[in-house]
There are 2 protein chains.
Amino acid sequence: MDAKHPVRTTEKTLALVEELMDRGPCGVTELTDGLDMGKSAVHNHLTTLREHGYVLKTGDEYQLGLKFLEVGGATRKSMEFYQVAEPEVKSLANETGELANLLVEEQGMGVYLMRSKGDEAVDLDTYAGLRTHLHTTALGKAILAHLPEDRVEEIIERRGLERKTPRSIGSRDELFEVLEGVRDRGYAIDDGERLEGLRCIAAPVKDSSDEVLGAISVSAPASRVSDEDLHGELPERVLSAANVIELNINY
Amino acid sequence: MDAKHPVRTTEKTLALVEELMDRGPCGVTELTDGLDMGKSAVHNHLTTLREHGYVLKTGDEYQLGLKFLEVGGATRKSMEFYQVAEPEVKSLANETGELANLLVEEQGMGVYLMRSKGDEAVDLDTYAGLRTHLHTTALGKAILAHLPEDRVEEIIERRGLERKTPRSIGSRDELFEVLEGVRDRGYAIDDGERLEGLRCIAAPVKDSSDEVLGAISVSAPASRVSDEDLHGELPERVLSAANVIELNINY
DNA sequence: GGGTTCGTTCTCCCATCCAGAACACTTTAG
DNA sequence: CTAAAGTGTTCTGGATGGGAGAACGAACCC
């Protein structure tokens with residue numbers, strides 16, 4: 001459902017913010033040709049955002065300020081699921097020595113809430129707040145597998161099934177087959193689909209009424225994850241961490 | 001300097017966002033009486049923000065979405081200082097077992113970029129994105145001590161010297177005296193000013209041309225920090241971590 | 001000097017924002 | 001059961017204010 005009376009001025013501001021996010025620090029003119037607005041309009045919006053801390057100016061360049069982090073950080077902190085899951089994801093990272101992640105679904109997309117690096121962890125270019133298509137990661141598949149089928153259809157409809165790499169899921173049928181497997185096993189796997197040589201194991205976290213709240217995962221280079229580990233100890237650990245979170249959520 | 005032609009519609013949207021942040025999930029009517037707008041206007045802004053992922057609706061309640069975290073997370077990730085400092089703050093937390101923090105100055109306020117908890121760490125209510133007055137924390141004092149004097153005056157003028165607790169700094173002269181001490185020692189201390197029983201040690205991080213980029217700190221309960229530690233091993237560790245960051249920043 | 005950028009300012013017309021009223025519900029009261 | 005009071009949502013027209021386009025000032029670079 002879409003807005004009956006959209007505030008067009010606000011939409012322009014938001015477009016400007018996203019343009020600024022994509023381009024990084026830049027001048028008024030550069031910003032203007034990426035947007036459907038005149039130079040004076042862009043300038044007015046920039047100075048307005050600046051007065052409220054959302055935009056900074058250094059010399060002749062404008063850039064996003066940390067006010068967005070303030071709002072985003074407060075939003076995240078207010079989520080019970082994050083509060084409970086955060087320490088568990090950290091210990092998962094410490095115990096395995098690898099990269100552990102926390103993802104939730106919002107508007108049909110996956111949003112990383114945090115990542116925690118163990119001693120040996122690889123450094124991926126994920127970060128808190130990053131959005132991904134759900135079907136492209138183990139985390140996303142763990143969530144999709146436990147959503148009602150019609151919601152999954154809705155998400156496919158809305159967000160598509162764009163193929164990131166040749167090995168990734170690219171059709172509706174393929175996805176549902178994979179999700180079936182995830183439900184059987186209890187955890188989801190990404191064996192190099194997202195990034196060559198990277199293996200991920202993810203488990204869903206559900207509340208007392210069986211609704212998915214999100215998913216947690218461990219990502220490690222294939223060189224450190226044997227085929228045995230991939231269906232042995234590692235899933236065990238991830239599932240166990242997910243279980244602890246579930247217990248704590250329901251007090 | 002303020003905007004010559006502020007975009008009032010955008011300002012209304014921003015006011016609404018901040019109201020929503022303060023109140024948490026709430027209905028249109030509740031939101032309306034905290035704002036200088038009519039109900040239909042609030043509704044229009046909400047639906048517009050919703051279409052772009054900045055606001056979510058669950059039942060009859062609206063709340064902030066994780067889009068702010070996406071923008072804020074991308075902003076933070078793009079900061080070189082954060083990228084370099086992040087791993088060092090983490091090891092500082094692991095080595096000491098306490099809570100380690102990273103703060104930068106923006107618009108005369110301190111903004112936490114991250115916090116990392118060691119094994120024994122106390123759990124403060126700080127979070128990435130949180131803003132504080134600079135004079136109220138060790139981190140802030142470490143930064144103020146290495147800013148040009150006129151910038152400090154400017155910041156006092158703009159943000160005031162509100163006293164958080166009876167023990168905290170409350171006058172211009174007091175502040176400058178403390179900053180003098182911070183410069184002499186090389187690190188700043190908060191001995192229960194912000195929170196009874198909490199001790200913090202903070203060190204500034206400067207770039208090659210001696211400009212402050214931010215500050216790092218360790219916070220620990222007084223019970224675990226002897227008077228000796230307060231001017232002994234602990235500052236040593238914090239300063240050492242700050243030094244590593246400085247070296248890495250300048251390649 | 002002339003020619004090119006850039007960011008910023010100005011003004012006036014017309015798009016559009018929004019108060020207020022009306023509507024469609026649900027909840028509460030008696 | 002009806003009535004009253006709450007909620008979120010829709011609609012409309014008139015006053016407001018957003019922004020195109022032009023002009024300005026300050027850098028630059030031949």
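Reader: What makes the pairing of A:H43 with a phosphate oxygen of DNA strand C a polar contact?

Author: A polar side-chain atom of A:H43 lies 2.9 Å from that oxygen, and a polar contact is a pair of N or O atoms within 3.5 Å, so the pair qualifies. This is a predicted model, in which local features need pLDDT of at least 70 and side-chain atom pairs pLDDT 80 or more, while totals for chains, interfaces and linings use all residues. Residues are numbered from 1 along each chain as its sequence is written, chains are lettered from A and ligands numbered from 1 in the order written, and side-chain values use heavy atoms, without hydrogens and water.

Reader: Which other atoms touch a phosphate oxygen of DNA strand C, and at what distance?

Author: A polar side-chain atom of A:Y62 lies 2.6 Å from one, and a polar backbone atom of A:R8 is 2.7 Å from one.

Reader: How do you know which residues surround DNA strand C?

Author: A residue is near a strand if one of its heavy atoms lies within 4 Å of it. There are 23 such residues, the closest being A:V28, A:T29, A:K57, A:Y62 and B:G38.

Reader: What is found around DNA strand D?

Author: There are 23 residues around DNA strand D, and A:G38, B:V28, B:T29, B:K57 and B:Y62 come nearest. Phosphate oxygens of DNA strand D lie 2.8 Å from a side-chain N or O atom of B:H43 and 2.6 Å from one of B:Y62. The largest share of the surface near DNA strand D, four residues, comes from α3(A).

Reader: Why is α5(A) called roughly antiparallel to α10(A)?

Author: The axes of α5 (residues 80-96) and α10 (residues 233-249) of chain A come within 9 Å and cross at roughly 155°. Angles over 145 degrees count as roughly antiparallel, on a scale from 0 to 180 between N-to-C directions, so α5(A) is roughly antiparallel to α10(A).

Reader: What makes the crossing of α5(A) and α10(A) left-handed or right-handed?

Author: A crossing is right-handed if the near helix is turned clockwise from the far one by less than a right angle. α5(A) passes α10(A) in a right-handed crossing.

Reader: Which residues of α5(A) and α10(A) meet?

Author: Among them are A:F81, A:V84 and A:L92 in α5(A), and A:L234, A:V238 and A:I245 in α10(A); contact means heavy atoms within 4.5 Å.

Conventions: Helix = DSSP H or I, 4+ residues; strand = E, 2+ residues; numbered from the N terminus. Parallel < 35°, antiparallel > 145°, perpendicular 65-115°, else oblique. Polar contact = N/O pair within 3.5 Å; in protein donor to acceptor, adjacent residues only side chain to side chain.
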